[in-house]
Amino acid sequence: MKIGIVGGGQLAQMMIQAGASLGVSFALLALESDESATAICSEVHRVRGFDREGVAAFVNACELVTFDHELVDPAILDSIPGAEGKVFPSARTLRMSANKARQREMLQAEGIPSPEFVIALDASQLREAVNRIGLPAVAKAAHGGYDGRGVFYLDGPADLESLLSRLPDSFELIVEPKLNLEAELAVLVARSRSGEVATYPVLRTVQLDSVCNEVWAPSEFDTRIEDTALDYGRRIAEAVGSVGILAIEMFVVNGEVLINELAPRPHNSGHLTIEGCAVSQFENHLRAVMDLPLGPTTLVARAAAMVNLLGPPEPVDLVAGLNPLLRVSAARPHLYHKSYRRGRKLGHVTALADSVDAALEIARCGAAAALSVPRGASSRSSANRP
Ligand SMILES: Nc1ncnc2c1ncn2[C@@H]1O[C@H](COP(=O)(O)OP(=O)(O)OP(=O)(O)O)[C@@H](O)[C@H]1O
Ligand SMILES: [Mg+2]
């Protein structure tokens, strides 16, 4: 069985790692850059962009196709004979779940709560939207944003003017109130082609400057919040007809759960499922796409925590950082074969323990150690010696 993955980032890398034990081989449709998974995959189809020609040739070369990101235009998939029934999630699911405006419209139709929002397609609509929502507000690119790119905080009128001066001629933004977040949660729903559904334990996520920084489970919220979050997750997965993992990011505001956004693929919040759950999000994603039975999603320890390795302000040597990282013996390393860039997700560290506090402590120590060797310093230090 050969599965094609559109995109070659760290999600593709971890899918390949999980798929190897299922006997799957992989091909990647990757941009011409140093993407993570290209380091561990022998069949890489290089493209300049995800246009019809490249995607069609790739779909024809694979038995099944899935995604590491949601940058392929669903209309392209619709136009490829044979893509339906072979590409998961489907064009229909991508259409509903890869654009923040379509997501919010779907949630409204389903009666599932999300923040109040207004869609803006030009400058005057944006002014009008901000008037209606009031300041402080948040404007978000409906499509293509990730890791906070495409999220604009409008604290005062000057922020709106500055955003207007930077916007391209054509855009789609959603504008919503800047909320006082009690917490952020993520729910991961695995759904197979034949409709089998499994949900992971509710995950608690912490973002720094809009980028995921730490995740842990259990969420430490009461069952009312957790059951509501899981119920919304299952309903959304049915509504969009997802196949594979559907990640749903949620806010807790004034004791209520609001849906922030969806991602129709494995998700950063679920990386701790590799060591922390009986079957990881990556393996269940592949099982779902292959229409195999889903595996158990229960935590295998009392608590699991994950800390991202985000490129610090000064360049670091991650290879040299492996030695100090592994001295934190319970910390489990995941490096993404990526070169250093400030703020870039370079890897993550997971730890399991008897409490969330203990797991977080180990994962934070491991992450700090991983990022502790400045670039150029490794040859002079003993950090890399056995
Ligand atoms: N209305 C809001 N009020 C307060 N904070 C917000 C709001 N919307 C977003 N944020 C913060 O910004 C983060 C990123 O926003 P969002 O998830 O919408 O964007 P994104 O860049 O698409 O994220 P991702 O990296 O998950 O793709 C949120 O996780 C949250 O911390
Ligand atoms: Mg997000």
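**Exercise 1. Work out which residues of helix α2 are buried and what they pack against.**

Step 1: α2 spans residues 52-61, and its buried residues are V55, F58 and V59. Here, buried is 20 or more other C-beta atoms within 10 Å of a residue's own, with C-beta atoms placed from the backbone; helices are DSSP runs of H or I, at least four residues, and strands runs of E, at least two, numbered from the N terminus.

Step 2: look down the axis of α2; the buried residues fall within an arc of 100 degrees, so they line one face of the helix. That arc is taken over the directions from the helix axis to the C-beta atoms.

Step 3: the buried residues pack against β1 (2-6), β2 (25-31), β3 (43-47), β4 (64-67) and α3 (74-78), a contact being C-beta atoms, placed from the backbone, within 7 Å.

A quick note on the model: it is predicted, local features need pLDDT of at least 70, side-chain atom pairs count only at pLDDT 80 or more, and totals for chains, interfaces and linings use all residues. Residues are numbered from 1 along each chain as its sequence is written, while chains are lettered from A and ligands numbered from 1 in written order.

**Exercise 2. Find which domains supply the shell around ligand 1.**

Step 1: the chain divides into domain 1 (2-87), domain 2 (116-177) and domain 3 (183-370), with bounds from an automatic or database assignment.

Step 2: domain 2 and domain 3 each give the shell at least three residues. Their centres, over C-alpha atoms, are 28 Å apart.

Step 3: β6 (137-141) and β14 (256-263) each supply at least two shell residues.

Terms used
Buried ≥ 20, exposed ≤ 12 C-beta atoms within 10 Å, placed from the backbone. Contact = placed C-beta atoms within 7 Å.
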